[in-house]
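Let's walk through this structure together, one part at a time. Have the sequence and the 3D view ready as you read.

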Amino acid sequence: MNLQEIPTIGTADELIDRALRRASRVEESVRNTDYRARLTAVRKIHSVADNIANPLHSYVKVFPSFDTIHPFDRSIIDLTVGVDKLRKALGAADWARKEVLMIGTRYVPKARARKSAENTMKIMSEAYTKMTNILRQISKHLDFLISARSIFRNLPNVDTEQPLAVFAGAPNVGKSSLIGAISTGKPEVKSYPFTTKGVSLGHIKAKYDIIQVMDTPGLLDRPDLDRNDMEKQGIAALNHLEPVIVFLTDLSGTSGYSVETQKSLHEELKTRYSDYPWIDVYSKSDLEPEASLEYDDSISVSVMNNEGVEELKSELINIFFE
Ligand SMILES: Nc1nc2c(ncn2[C@@H]2O[C@H](COP(=O)(O)OP(=O)(O)OP(=O)(O)O)[C@@H](O)[C@H]2O)c(=O)[nH]1
Ligand SMILES: [Mg+2]
């Protein structure tokens with residue numbers, strides 16, 4: 001199951017409503033009133049138990065197992081929803097499933113043993129209350145799973161078998177603009193830093209092949225320990241996906257991050273990921289540079305007048321396929 005394709009999850013109230021509604025349709029056509037009450041109660045208790053336990057079981061099953069998922073996905077899950085919290089919520093759902101089934105098993109013989117229809121109904125409603133209370137107890141955890149699911153839907157679905165280039169650099173230097181210009185990706189672009197809050201993916205079609213390009217939140221020039229969870233998403237991509245790095249440096253001064261600062265970030269990443277293929281891009285080349293820099297083999301790019309965009313595309317194709 002893909003992280004991005006987890007089916008809808010119901011709230012506690014929705015699950016309760018549905019289970020009770022289904023049980024209310026259960027009828028027996030035996031003549032004897034007391035006997036009919038017993039048969040009906042038994043079937044209704046089973047029905048409520050199953051209609052609560054089955055969806056809970058499917059929720060627990062559709063979330064990926066943390067031991068087998070790709071370390072990148074694991075990191076991103078941890079940085080967005082928290083692996084421990086997710087584990088706890090899934091644990092609670094599984095606990096509730098077992099409890100509800102146990103209550104069902106315990107109450108069926110009780111319902112069967114009652115003589116009068118009235119007493120049987122009492123037992124049945126006691127079983128209903130117990131089962132629905134269990135579900136109410138875990139309603140916060142179900143709400144958490146619902147929000148986790150909606151976060152997962154927007155996470156990049158990286159194909160680790162296919163080429164990947166990660167666009168990195170200081171905040172506000174034009175990473176998202178360039179992803180938007182060069183690929184199918186349409187990340188948000190704003191004139192202030194930290195617009196991009198998480199990693200996202202675009203695709204470049206190159207003849208018969210596809211190159212995945214990843215937008216990342218801006219990185220500050222500081223040690224990992226001090227980095228926030230947004231920055232850590234970009235670092236996780238570099239650490240776990242071993243991509244080609246496209247490093248953007250904004251020489252125009254409009255990003256708010258000095259060339260010196262960007263150079264220092266450049267040095268840090270370059271040393272750290274010295275094994276990875278690397279492309280240097282000077283962004284916003286339509287603007288007057290504030291300072292000059294001499295990285296080898298750099299490409300000047302502007303999304304304003306489209307300078308260098310095709311050149312960068314060719315360079316990526318070169319690196320991956322030639
Ligand atoms: N003149 C000019 N402005 C650009 C160019 N590329 C981006 N910008 C502007 O620079 C600002 C930041 O662009 P983004 O693409 O959001 O930058 P980013 O690196 O993704 O920023 P964060 O996500 O916050 O790290 C926006 O106001 C863009 O319009 C360019 O080639 N030329
Ligand atoms: Mg951005």
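The model you are looking at is predicted: local features need pLDDT of at least 70, side-chain atom pairs count only at pLDDT 80 or more, and totals for chains, interfaces and linings use all residues. Residues are numbered from 1 along each chain as its sequence is written, while chains are lettered from A and ligands numbered from 1 in the order in which they are written.

The shell around ligand 1 has 23 residues, and the closest are Gly-174, Ser-176, Ser-177, Thr-196 and Gly-218. A residue is near a molecule if its C-beta atom, placed from the backbone, lies within 6 Å of it. Helix H7 (residues 175–182) gives the largest share of this shell, three residues.

Now step back to the whole protein chain, which has ten helices and six strands. These are DSSP runs, numbered from the N terminus: helices are H or I with at least four residues, strands are E with at least two. The C-alpha trace spans about 95 × 40 × 30 Å along its principal axes.

How is the chain divided into domains? The assignment, which is automatic or from a database, gives domain 1 (3–153) and domain 2 (164–321). Their centres, taken over C-alpha atoms, are separated by 47 Å. Six residues of domain 1 are in contact with nine residues of domain 2, where contact asks for C-beta atoms, placed from the backbone, within 7 Å.

Finally, find helix H3 (residues 71–80) and helix H8 (residues 229–241), whose axes come within 9 Å and cross at roughly 170°. Axes are lines fitted to C-alpha atoms, for helices over the stretch in contact, and angles run from 0 to 180 degrees between N-to-C directions. H3 is therefore roughly antiparallel to H8, a label for angles over 145 degrees. Residues making this contact include Phe-72 and Ile-76 of H3 and Ala-236 and Leu-241 of H8.

Technical notes
Parallel < 35°, antiparallel > 145°, perpendicular 65-115°, else oblique. Contact = placed C-beta atoms within 7 Å.
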